[in-house]
Amino acid sequence: MPPSNSFSQSQFAEGLFQPEALPTGIVDPAGAPAPKRYSVYKNNVIVSYIEALGAAYPACKTLVGEDFFNALAREFVTQNPPNSQLMILFGEGFDAFLNSFEPAQQVPFLPDIAKIERAWRIAYHSADIAPMTGEAIAAVPPEALGDATITLLPSVATISSQFPIYNLWFAATSGGSIDQVDPSVSESALVVRPAFDVFVHPIPHLFAELIEKIANGATLNEVAQAGAENDVQFDFAQFFGLLIQTGAIAEIHQNN
Amino acid sequence: MTNKQLDVGVGFKPEHFQDIMQSSPDLGFFEVHAENYMGDGGAPHKMLSALAEKFDLSVHGVGMSIGTLGDLDKEHLSRLRKVVDRYQPRLVSEHLAWSSHNEAKNLMFLNDLLPLPYTEETLARVSEHVTEVQDTLGRQILMENPSTYVAFSDTQMSEIEFITRMQANTGCGLILDVNNVYISANNQKMDSYAYLDAFPLHAVGEIHLAGHAEDTDDDGERLLIDAHDRKVAPDVWTLYEYVVGKTGPITTLIEWDNDVPDWPTLYQEAVDAKTIMRKLKAFTDAAE
């Protein structure tokens, strides 16, 4: 054990999260204990976390206002400080936190907006893989499609909600008013980055479910069957067309 | 006069990308924070690749935690190597500071440049870590002098002695952050000119300049904060002029990371640095 007056990085680090803490050996230039000087680091660390979270969740911040967002953020970052140097990807688990943190419950759609923004952030930094072109997809023999499986772009994610999350997200990120959004509508969203811009598309709930099936390795026959079982009106061509148009398909694997 | 002699750069901010590409500013290089380019792909890499076609790059790490008393995070080191291998920057640099301390077990990233006491133990650890980074990257890195707000009762040597010995131990280069000198001199009640006179200027490969904020300490005395959120202060320009008087024209960076201004405002700071170098160079030339 080091002597009690010697510098400890773990003490220094732990003290940053305790309002009253002043680890031993931290002094001013004259050698006197320096709690206010040390608190500059406390403030720097917490504020940098809150700012990083605000940059990752701009729509959430707009929807609840800066003060409420910062209060939520302070609680989240205190419970979940970053475990990686990659602050560009900080904020994992914010939606789950919002679900469980009582003061956030007054904005019930907020966790699903956070899910869109998390997917957006991951898509923004995801690997550069070009979607399959319409020509390349058209060149796949139609009889091979049924047993084919699909690799989606690494940016692809779906979010399903009982709230109008696409329109709320769109209003918040485009300077619109959420008063125009019909609260009784439930929406699903597809996040995808076919080139360098991230897109969020409103999609039917069923399509979101089927995209998840594709991501989990289902064949297109299985997807078509699941679609028809869920909705007699289901139009596979429309569903497949959406995947092509949004640039969600990285590769089609012919399995026969 | 060539660019090399007046080698001034600024910290790259994505919001300036269009302005930079359209105006082709007369700058020697752009500096980026390594960690912002550790994602797999997307717009950040696209912009940096385009920038790298026109300008030299300087990769400035903010997360290696070279001052940790534990081990360096090997995963992070390999991420840095990937960035350096991909972009082949002219300069690679890091800080005399720490930001995480228990990498091997359960990393918690503190996202700040935290200070450490200057002791034989910390000097040995920092020197080992600088060497490890240089060996992994296969090149020299520059280490930056810190801005600090506290002192440590454990400290056994001056910051100058620590930096001088770290440099001698590792053969690293140095960044002399003149704003940090000004901040630390105020906060640690040192004389900034004496600090600059004692600094191992022969190893300095880059000067940093930035703006700072003002607060008060436990006794209500002026405490300066390294905020990077405004123009370089007049007193810091004066110190810079003093440094350039000693070194001659030298690679210089303007950092502005928070409350980022429009491009013309940031570019003007770089022009001001050039003006100081040009003036001193003209004076030196006339005297010869």
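Which elements of chain A do the buried residues of α9(A) pack against? They pack against α3 (58–64), α6 (110–124), β3, β4 and β5 of chain A. Please keep in mind as you look around that this is a predicted model.

**The open sheet of chain A**

- Three strands of chain A make up an open sheet, in the order β3-β4-β5, and their pairing is antiparallel.
- The edge positions belong to β3 (157–160) and β5 (199–203) of chain A; each has a single partner strand, so one side of each is left without a neighbour in the sheet.
- Between neighbouring strands of this sheet the turn is 25° on average, with direction ignored.
- Four bridges link β3(A) to strand β4 (residues 188–192) of chain A in the antiparallel sense.

**Helix α9 of chain A**

- Helix α9 (residues 165–173) of chain A packs on this sheet and touches β3, β4 and β5 of chain A.
- The direction of α9(A) makes about 145° with that of β5(A).
- Which residues of α9(A) are buried? They are I165(A), Y166(A), L168(A), W169(A), A171(A) and A172(A).
- After α9(A) comes G175(A), which has a positive phi near 75°.

**The barrel of chain B**

- Chain B holds a closed barrel of eight strands, running β1-β2-β3-β4-β5-β7-β8-β11 with parallel pairing.
- From one strand to the next, the twist averages 25°.
- Strand β1 (residues 8–11) and strand β11 (residues 252–255) of chain B run parallel and are joined by three bridges.
- Across from V10(B) you will find I254(B) in β11(B).
- Helix α8 (residues 234–247) of chain B lies across β7 (173–177), β8 (204–210) and β11 of chain B, and runs at about 165° to β8(B).

**A buried histidine in chain B**

- H129(B) is part of helix α4 (residues 120–137) of chain B.
- Is H129(B) buried or exposed? H129(B) has a relative accessible area of 1%, and is therefore buried.
- A polar atom of the H129(B) side chain lies 3.1 Å from the backbone oxygen of G70(B).
- Residues up to four places away in sequence aside, H129(B) touches I66(B), T68(B), G70(B), D71(B) and L72(B).

**Aromatic pairs**

- Over all chains, the count comes to 34 aromatic pairs.
- One of them is the stacked pair of F17(A) and Y49(A), with 6.4 Å from centre to centre and 20° between the planes.
- F17(A) sits in the loop between α1 (9–15) and β1 (26–27) of chain A, while Y49(A) sits in helix α2 (residues 35–56) of chain A, so the pair ties together parts that are 32 residues apart in sequence.
- F17(A) is partly exposed at 23% relative accessibility, whereas Y49(A) is buried at 0%.
- F236(A) and F240(A) are also stacked, at 5.6 Å centre to centre and 15° between the planes.
- Why are F236(A) and F240(A) separated by about one helical turn? Because they are four residues apart in helix α12 (residues 236–245) of chain A.
- F236(A) is partly exposed, with a relative accessible area of 25%, and F240(A) is buried, with 8%.
- One aromatic cluster brings together F17(A), Y49(A), Y57(A), F69(A), F76(A), F90(A), F94(A), F97(A) and F101(A).

**A buried valine in chain A**

- V107(A) has its place in the loop between α5 (94–100) and α6 of chain A.
- The relative accessible area of V107(A) is 13%, so V107(A) is buried.
- V107(A) and V64(A) are 43 residues apart in sequence, and 7.9 Å apart in space from C-alpha to C-alpha.
- Neighbours within four places in sequence aside, V107(A) is in contact with V64(A) and F68(A).

**Where the chains meet**

- Contacts between the chains involve 40 residues of chain A and 50 residues of chain B.
- About 3900 Å² is buried between chain A and chain B, and carbon and sulfur atoms give 59% of this area.
- Within chain A, the residues that lose the most area to chain B are Q9(A), R37(A) and Q85(A), together 22% of what that side buries.

Technical notes. Residues are numbered from 1 along each chain as its sequence is written. Chains are lettered from A and ligands numbered from 1 in the order in which they are written. This is a predicted model: local features need pLDDT of at least 70, side-chain atom pairs count only at pLDDT 80 or more; totals for chains, interfaces and linings use all residues. Side-chain values use heavy atoms; hydrogens and water are left out. Two strands pair if DSSP finds at least two bridges between them. Helices (H or I, at least four residues) and strands (E, at least two) are DSSP runs, numbered from the N terminus. Axes are lines fitted to C-alpha atoms, for helices over the stretch in contact, and angles run from 0 to 180 degrees between N-to-C directions. Contact means heavy atoms within 4.5 Å. Buried means under 20% relative accessible area, exposed over 50%, partly exposed in between (1.4 Å probe, protein chains only). A polar contact is a pair of N or O atoms within 3.5 Å; within protein, one must be able to donate a hydrogen and the other to accept it, and residues adjacent in sequence count only if both atoms are side-chain atoms. Rings of Phe, Tyr and Trp (its six-membered ring) pair if their centres lie within 6.5 Å; planes under 30 degrees apart count as stacked, over 60 as edge-to-face and the rest as tilted. Buried area is the accessible area (1.4 Å probe) that two parts lose on being put together, summed over both.
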